[in-house]
Amino acid sequence: MVAITLPDGSERRFDGAVTGTTVATSIGPGLAKAALAMKVNGVLTDLSAEITDDSRLVFITRRDETALEMIRHDCAHVLAEAVQALYPGTQVTIGPSIENGFYYDFARNEPFTPADFPAIEAKMREIVAANAPFLREMRDRDEAIAFFEAKGERFKAELIRDLPQSETITFYSQGAWIDLCRGPHMRGTGDVGTAFKLMKVAGAYWRGDHRNPMLSRIYGTAWRDQKELDAHLKMLEEAEKRDHRRIGKDMHLFHMQEEATGSVFWHPKGWKLYRTAESYMRRRLEVAGYEEVKTPQLVDRALWEASGHWDKYRENMFQAQVDNEDKTLALKPMNCPCHVLIFRQGLRSYRELPLRMAEFGACHRYEPSGALHGIMRVRAFTQDDAHIFCTEAQIAPETVRFVELLSSIYQDFGFESFRVKFSDRPESRAGTNETWDRAEGALKEACAAAGVDFELNPGEGAFYGPKLEFVLRDAIGRDWQCGTLQVDFVLPERLDAEYVGEDSQRHRPVMLHRAILGSFERFLGILIENYAGRFPLWLAPVQVAVASIVSDAEPYAIEVATALKAAGLAVVTDTANIKINAKIRDHSLQHVPVIAVVGRKEAEDRTVALRRLGVEQQETLPLDEAVRLLGREAMAPDLARHIAAK
RNA sequence: GCCGCUUUAGCUCAGGGGUAGAGCAACUGAUUCGUAAUCAGUAGGUCGUAGGUUCAAUUCCUACAAGCGGCACCA
C-alpha cells in the first residue's frame with residue numbers, strides 16, 4: 001500500500017508502487033494532460049518514475065517556474081540530437097538550462113555559425129513534432145564509458161570517469177538518440193514546444209578551463225509559448241537601445257578609439273555627468289568621515305615588490321622606463337600601497353583609528369583584450385577608492401557603516417536593490433590560514449551585524465583577504481561588480497604599517513579596502529543603461545534647453561538661459577531658425593529633461609513654458625519662479641535632504 | 001589571451017573584380033512657423049591598416065589592429 005499526499009492535503013492510496021502518470025490519470029484527464037513532471041517529497045522526478053513509499057506529491061505543469069527550466073534543459077537535448085543528425089562526427093558534451101534559455105557545447109573541427117541556425121532549428125522542430133518519449137535507463141559505469149568511447153564521444157566518457165563511484169549512471173533516450181544525463185526530463189520531446197530560438201554561437205573552454213580545448217557553444221532561448229518568446233525578444237531589442245555605448249555616442253558623452261584602447265575620451269557632456277557624480281561622492285565621503293588624498297601615478301617597482309603586486313600582478317601592470325635612468329616604474333594598478341605610505345608618515349596613534357583615507361584614484365591595468373567592454377571594463381579608470389585603517393574590533397562597526405553608506409548612495413543613483421557576494425580565500429594567496437580564518441570570520445560577523453544577505457562565492461577572494469562584492473546589472477542582465485569591501489591583514493604587514501596602542505606598544509592595523517561605485521567608468525556605464533540616458537534632473541548633463549519660437553523672442557531666450565545658468569543649471573540655448581517641433585524633437589532625442597519654450601507671448605509676459613521630457617503637457621510660469629523651481633529640483637539628493645531637514 | 005563574427009560618409013546602413021550609394025546629420029538659401037522632423041540646393045569617402053593575387057582590388061586571399069558576442073581573466 002502506497003499513500004500519496006497531494007498539495008491540497010488530500011490523500012490517495014494505491015495497492016503498490018505507482019508512477020506519477022498513474023496518479024495523475026487517477027485524479028483526472030486534465031491533470032494527466034497537464035502534468036509534465038513531479039516533485040516527490042520535494043525532489044524533482046520524471047513523471048514515469050515509480051513511487052514505492054508513502055510520499056508527498058506535487059505535479060509540475062507548464063505554468064511552474066520549474067517547468068520553464070525543464071523546457072530549456074529538454075530543448076538543449078533536442079538541439080544536441082538535431083546537431084548530431086545534421087553534422088555527423090560532432091561530439092556532444094554538456095548542455096544545461098540557464099537564465100532565459102540554454103546552451104549546448106559541441107566538439108567539432110569547424111565551429112558553427114549563425115548561418116547554420118535555420119537548418120538546425122528546422123531539425124529541432126521535426127524532433128519536437130515527433131514527440132519521442134524521454135526514457136530513463138541506468139547503466140553500469142564501465143559499460144557506459146565503453147559505450148561512449150565506441151561512439152568516439154571522448155568528452156562524455158571523461159565526464160563519467162570523473163563522476164564519483166557512488167553516482168548512478170543514468171542515460172536518457174529520445175527515439176534513437178541517447179545521452180548521458182542526470183535528468184529529470186519531461187514526458188517527451190513534444191513537451192518542449194516550439195517557442196525556442198537559437199541565439200548565438202560562442203567558443204567556450206571544455207570544463208571552463210583555458211588549458212582545455214575550445215568547444216563550439218550554441219546558445220538558445222526557450223519559453224512556454226510564442227507570446228513569452230516574443231516578449232523576451234522584444235525585451236532584448238529594447239535593452240539594445242539602452243546600451244551605454246549606443247547612448248554614449250548618441251548623447252555625445254564619450255568615445256573610445258584605437259590609439260588608446262581601453263581608455264575613455266570623455267566629451268563635455270559626459271565629463272559633466274562624471275563631475276556631478278564625483279562632487280556628490282566627495283560630499284558623501286566627507287560627511288561619512290573620510291579624508292581625501294592624492295597619490296602618484298608612477299611608482300618605483302620596489303614598492304610593488306614589497307606589496308606583493310610585482311609577484312602576483314605584474315602581467316597586468318604597465319611599466320615605464322626612462323632612457324638615462326636605471327629604474328623601472330609602474331603605473332599604479334591600485335592605490336592601496338600608496339595609501340599605506342601616507343599612513344606610515346609619522347607615528348600613528350590608536351586614537352586616529354579608524355582612519356578613513358579616500359582617493360579618486362586613477363589606475364591602469366593591462367586587461368586582456370577580450371575582457372574590454374565599452375566603458376565598463378577598461379584599462380584606465382578611476383576608483384572611488386578608500387582604505388580604512390582600523391583595529392580588528394573595528395572591522396564589524398566599519399563594515400556596518402560602509403554598507404549603510406553604500407546603500408544610501410546606490411539609492412540616490414536610482415538602484416533600489418543590489419546583490420552581495422562573499423568571496424572567500426583563493427588558492428593563490430598571501431597570509432596564513434589562521435589569518436584567513438580571522439579575516440573571514442570578522443567579515444561574516446560584520447555582515448550579520450549589517451543585515452547583509454550574501455551569496456557565497458567560494459575561492460574568489462583577493463590574494464590578501466576575503467571580500468564583499470556589490471553587484472549591479474546592466475541593461476541585458478549582465479552582472480558587474482561595483483562596490484567592494486575587502487579585509488586585509490597582509491598588506492599592513494608587508495608594508496610595515498603600525499600604530500601605537502593604548503598599551504604604548506606597536507600594533508598592526510587592519511586595512512579595509514573599499515569602493516562604492518567601484519570605478520566611475522563602470523558605474524556611469526551602468527547608470528546610463530539604468531536610466532536609458534534619461535537622467536533625473538540632478539544628473540542630467542544638460543538640464544534645460546531654452547528654445548525660442550520666433551527670432552523676436554531670441555533676446556528673451558538668452559535672458560532666460562542666463563538666469564537659469566546663474567542658478568547653477570546646465571543650459572543650452574537654441575535660437576536656431578527651425579520650427580519649434582523640430583527643436584522639441586532634437587532636445588527630446590538628446591534626453592534633455594526640461595525644455596523651456598519661449599515665444600512672443602512669454603517674452604511679453606516674462607514667463608517660460610516648461611515641458612518635461614516625453615510629456616506633452618506644459619506648465620507656464622513666471623521666469624523667476626521657474627528659475628527657483630528648477631534650481632530646487634536640480635539639487636543633488638543629499639543636499640535636498642539637508643534642505644528638507646531644516 | 002581563446003573561438004566566431006564585423007569594419008564602406010559624422011551616424012545608421014546598402015552595394016559589389018572595372019576605383020562607390022541611400023536616409024539622417026552638416027553647410028547654403030528660402031521660410032518667423034506655438035510643443036517629437038519646413039522646403040530646396042550644396043558639399044562630404046585612401047571602403048580599418050599592411051601585404052599578396054590580378055591588366056585592374058573597396059570587392060578575392062593572408063597578416064595585423066580595433067570593435068561586437070561568448071569563454072577564460074577581473075588581484
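In which strand is Cys482 found? Cys482 lies in strand E28, which covers residues 479-488. Keep in mind as you look around that this is a predicted model.

Let's stay with this cysteine for a moment. Is Cys482 buried or exposed? Its relative accessible area is 2%, and because buried means under 20%, Cys482 counts as buried. Setting aside neighbours within four places in sequence, you will find Cys482 in contact with Tyr410, Phe470 and Leu472, and also with Ile516, Leu517, Gly518, Arg522, Phe523 and Ile526. Ser519 is another residue to look for: 37 residues separate Cys482 and Ser519 in sequence, while their C-alpha atoms are 7.0 Å apart in space.

Now turn to a pair of helices. Helix H13 (residues 395-412) packs with helix H14 (residues 433-450) at an angle of about 50°, and their axes are 8 Å apart. That angle makes H13 oblique to H14, and the crossing of the two helices is right-handed. On the H13 side, the contact involves Ile395, Ala396, Thr399, Val400 and Val403, which meet Ala442, Leu443, Ala446, Ala449 and Ala450 of H14.

Three strands form an open sheet in the order E22-E29-E30, and the pairing is mixed. Strand E22 (348-349) and strand E30 (506-507) are at the edges with a single partner strand each, so one side of each has no neighbour in the sheet. Strand E29 (residues 499-500) pairs with E22 in the parallel sense over 2 bridges. To locate this pairing in the model, look for Arg348, which stands opposite Tyr499 in E29.

Notes
Residues numbered from 1 in each chain as written. Chains lettered and ligands numbered in written order. Predicted model: local features only at pLDDT ≥ 70, side-chain atom pairs only at ≥ 80, totals over all residues. Heavy atoms only, no water. Pairing = 2+ DSSP bridges. Helix = DSSP H or I, 4+ residues; strand = E, 2+ residues; numbered from the N terminus. Axes fitted to C-alpha atoms, helices over the stretch in contact; angles between N-to-C directions. Parallel < 35°, antiparallel > 145°, perpendicular 65-115°, else oblique. Left-handed = near helix turned anticlockwise from the far one by under 90°. Contact = heavy atoms within 4.5 Å. Buried < 20%, exposed > 50% of the residue type's maximum accessible area, 1.4 Å probe, protein only.
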